[in-house]
Amino acid sequence: MTYLLPPLNALRAFEAAARHLSFKQASHELHVTAGAVSQQVRLLEERLGVQLFERRTRQVILTSAGETYLEQVRQAFRCLAEATAELKPEGVTAMLHIGLHASFAVDGLRARLARFRRAEPQLAIRISQPAGLHELLEGKVDVVIADRVQRCPGYKCEPLEHGFLIGPLGTADCPEIETLRSCLLGDVELEGAIPRAPLVAGPAKPRTMTASRRP
């Protein structure tokens with residue numbers, strides 16, 4: 001069965017705004033601008049064909065339709081969170097899925113990811129190659145390491161030693177992604193770390209792998 005669902009980012013913006021009754025406070029939680037939250041909510045309302053918020057001066061109030069929808073959205077989020085928690089291996093609280101452009105050298109990446117796993121032991125890592133902005137926009141990966149600057153509304157593109165790290169504005173500044181960026185830049189040095197290998201190589205064949213976690 002195919003489910004006709006609104007965009008997840010729009011649902012997250014709606015739930016946060018409804019919980020705070022404020023686009024501004026929701027924006028702080030999601031690490032985006034208040035305008036971005038307002039736009040996502042507006043897109044959701046247009047998609048549903050109903051008004052979810054009554055906009056007043058310096059305040060937003062849920063409509064009756066918004067209150068009804070919020071209860072169901074929260075229940076759905078709760079079910080998703082519980083189902084996801086049950087699937088996670090012991091000691092792992094989240095999965096970070098990284099997409100790589102075709103010329104990115106995976107061998108050079110492993111040394112940097114060893115640092116990242118030591119810094120963020122609760123995160124499991126999965127790598128897909130080749131993957132780019134298209135896969136990121138579709139939600140197939142969490143972040144992308146691209147070979148050139150790529151701008152897209154709602155996403156942040158940051159320079160690396162070779163290439164660029166692209167992620168949603170809502171997560172691009174979270175501590176885990178900041179640590180990943182530091183490791184990719186070689187800023188995080190750990191005891192016993194092996195020398196840095198180059199990050200750019202020749203064309204790579206399509207692959208998907210899950211990085212093993214060290215004890």
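## A guided reading of the fold

The protein chain contains 8 helices and 8 strands. The model is a predicted one. Of its 215 residues, 39% count as buried. The protein chain exposes about 12,700 Å², and carbon and sulfur atoms supply 54% of that area. Among contacts between residues at least 6 apart in sequence, 62% join residues at least 24 apart.

After α1 comes Leu-21, whose phi is positive, near 50 degrees.

Arg-12 also belongs to helix α1, which spans residues 8-20. Is Arg-12 buried or partly exposed? Its relative accessibility is 34%, so Arg-12 counts as partly exposed. Leaving aside neighbours within four places in sequence, Arg-12 is in contact with Leu-30 and Phe-77. The C-alpha atoms of Arg-12 and Gln-40 are separated by 8.9 Å, although the two residues stand 28 apart along the chain.

A pair of aromatic rings is described by the distance of the centres and the angle of the planes. A search of the whole structure finds 3 aromatic pairs. In one of them, the rings of Phe-14 and Phe-53 have centres 5.7 Å apart and planes at 65 degrees; because planes over 60 degrees apart count as edge-to-face, this pair is edge-to-face. The pair links distant parts of the chain, with Phe-14 in helix α1 and Phe-53 in strand β1 (residues 53-56), 39 residues apart. Phe-14 counts as buried because its relative accessibility is 0%, and Phe-53 counts as buried at 0% relative accessibility.

Phe-14 forms an aromatic pair with Tyr-69 too, and this one is tilted, at 5.6 Å centre to centre and 35 degrees between the planes. It likewise links distant parts of the chain: Phe-14 lies in helix α1 and Tyr-69 in helix α4 (residues 64-87), 55 residues apart. Tyr-69 has a relative accessible area of 22% and is therefore partly exposed. Phe-14, Phe-23, Phe-53 and Tyr-69 form one aromatic cluster.

Which residues of α4 are buried? They are Gly-66, Leu-70 and Val-73. An α-helix has 3.6 residues a turn, so residues three or four places apart point the same way. What covers the buried residues of α4 includes α1 and β2 (59-62).

In soluble globular proteins, nonpolar side chains tend to be buried together. The largest nonpolar core has 20 residues, and those with the most contacts inside it are Ile-98, Leu-100, Leu-113, Phe-116, Ile-145, Leu-165 and Leu-180. Two or more residues of this core come from each of β3 (94-100), α5 (106-119), β4 (123-129), β5 (143-146) and α8 (175-185). Apart from it lies another core, of 19 residues, among them Ala-18, Val-41, Leu-62 and Leu-70.

Not counting residues up to four places away in sequence, Ile-145 touches Ile-98, Gly-99, Leu-100, His-101, Phe-104, Leu-160, Phe-164, Leu-165 and Leu-184. His-101, one of these partners, is placed in the loop between β3 and α5. His-101 is buried, because its relative accessible area is 9%. With residues up to four places away again left out, His-101 touches Gln-129, Ala-131, Ile-145, Ala-146 and Asp-147.

The cysteines complete the tour. How many disulfides does the structure hold? It holds 0 disulfides. Cys-157 counts as buried at 11% relative accessibility, and Cys-183 counts as buried at 1%.

Notes: Residues are numbered from 1 along each chain as its sequence is written. This is a predicted model: local features need pLDDT of at least 70, side-chain atom pairs count only at pLDDT 80 or more; totals for chains, interfaces and linings use all residues. Side-chain values use heavy atoms; hydrogens and water are left out. A nonpolar core is a set of buried Ala, Val, Leu, Ile, Met, Phe, Trp, Tyr and Cys residues joined through side-chain atoms within 4.5 Å. Buried means under 20% relative accessible area, exposed over 50%, partly exposed in between (1.4 Å probe, protein chains only). Helices (H or I, at least four residues) and strands (E, at least two) are DSSP runs, numbered from the N terminus. Contact means heavy atoms within 4.5 Å. Accessible areas come from the Shrake-Rupley method with a 1.4 Å probe; for residues, only the protein chains shown count as cover. Rings of Phe, Tyr and Trp (its six-membered ring) pair if their centres lie within 6.5 Å; planes under 30 degrees apart count as stacked, over 60 as edge-to-face and the rest as tilted. A disulfide is a pair of cysteine sulfur atoms within 2.5 Å.
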